Amino acid sequence: MASFFALSKIMVFVTFITSEVLGNVITASQVFVVVTLFEALRLTGTLHFPMAVEKVSEAVVSIQRVKVW
């Protein structure tokens, strides 16, 4: 659950560092929009996405076992 609270802050940080390294000017309105969007994606990015990766990996293993059998 720690990732639920920290991941969106890390994504925002990486986004703005990348933007700054690429030479873009960061404004307050851009920060507001980006933070709002990342907060909206927090539930999906930290809870549902890892479960989806888990289910896909379990499906791949099951398919491989069925092919071997």
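Reply: Let us begin with Val21, which has its place in helix H1, in a model that is predicted.

Me: Why is Val21 called exposed?

Reply: The relative accessibility of Val21 is 67%, and exposed means over 50%, so Val21 counts as exposed. Val21 also belongs to a nonpolar surface patch that it forms with Ile10, Phe13, Val14 and Ile17, and together these residues have about 500 Å² of accessible area.

Me: What makes Ser19 buried or exposed?

Reply: Ser19 is found in helix H1, which covers residues 2-21. Its relative accessibility is 18%, and because buried means under 20%, Ser19 counts as buried. Leaving aside residues up to four places away in sequence, Ser19 touches Asn24 and Ile26.

Me: What makes the meeting of Lys9 and Glu39 a salt bridge?

Reply: The side chains of Lys9 and Glu39 meet at 3.6 Å, taken from N to O, and the cut-off for a salt bridge between a side-chain nitrogen of Lys or Arg and a carboxyl oxygen of Asp or Glu is within 4 Å, so the pair of Lys9 and Glu39 qualifies. The pair links distant parts of the chain, with Lys9 in helix H1 and Glu39 in helix H2 (residues 28-40), 30 residues apart. The structure holds one salt bridge.

Me: Why are Lys9 and Glu39 called partly exposed?

Reply: Lys9 has a relative accessible area of 48%, while Glu39 is at 30%.

Me: How do you know that the reach of helix H3 is close to the expected one?

Reply: Helix H3 (residues 42-68) has 27 residues, and from its first C-alpha to its last it reaches 39 Å, which is set against the 39 Å expected at 1.5 Å a residue.

Me: Why is Trp69 called exposed, and where is its place?

Reply: The place of Trp69 is in the segment after H3. Its relative accessible area is 88%, and since exposed means over 50%, Trp69 is therefore exposed. The C-alpha atom of Trp69 is separated by 19 Å from that of Ser57, twelve residues apart from it along the chain.

Definitions and conventions:
Residues are numbered from 1 along each chain as its sequence is written. This is a predicted model: local features need pLDDT of at least 70, side-chain atom pairs count only at pLDDT 80 or more; totals for chains, interfaces and linings use all residues. Side-chain values use heavy atoms; hydrogens and water are left out. Helices (H or I, at least four residues) and strands (E, at least two) are DSSP runs, numbered from the N terminus. Buried means under 20% relative accessible area, exposed over 50%, partly exposed in between (1.4 Å probe, protein chains only). Contact means heavy atoms within 4.5 Å. Patches are made of residues with over 30% relative accessible area and no salt bridge: like charges are joined within 9 Å, nonpolar side chains (Val, Leu, Ile, Met, Phe, Trp, Tyr) within 5 Å. Accessible areas come from the Shrake-Rupley method with a 1.4 Å probe; for residues, only the protein chains shown count as cover. The expected span of a helix is 1.5 Å times one less than its number of residues.
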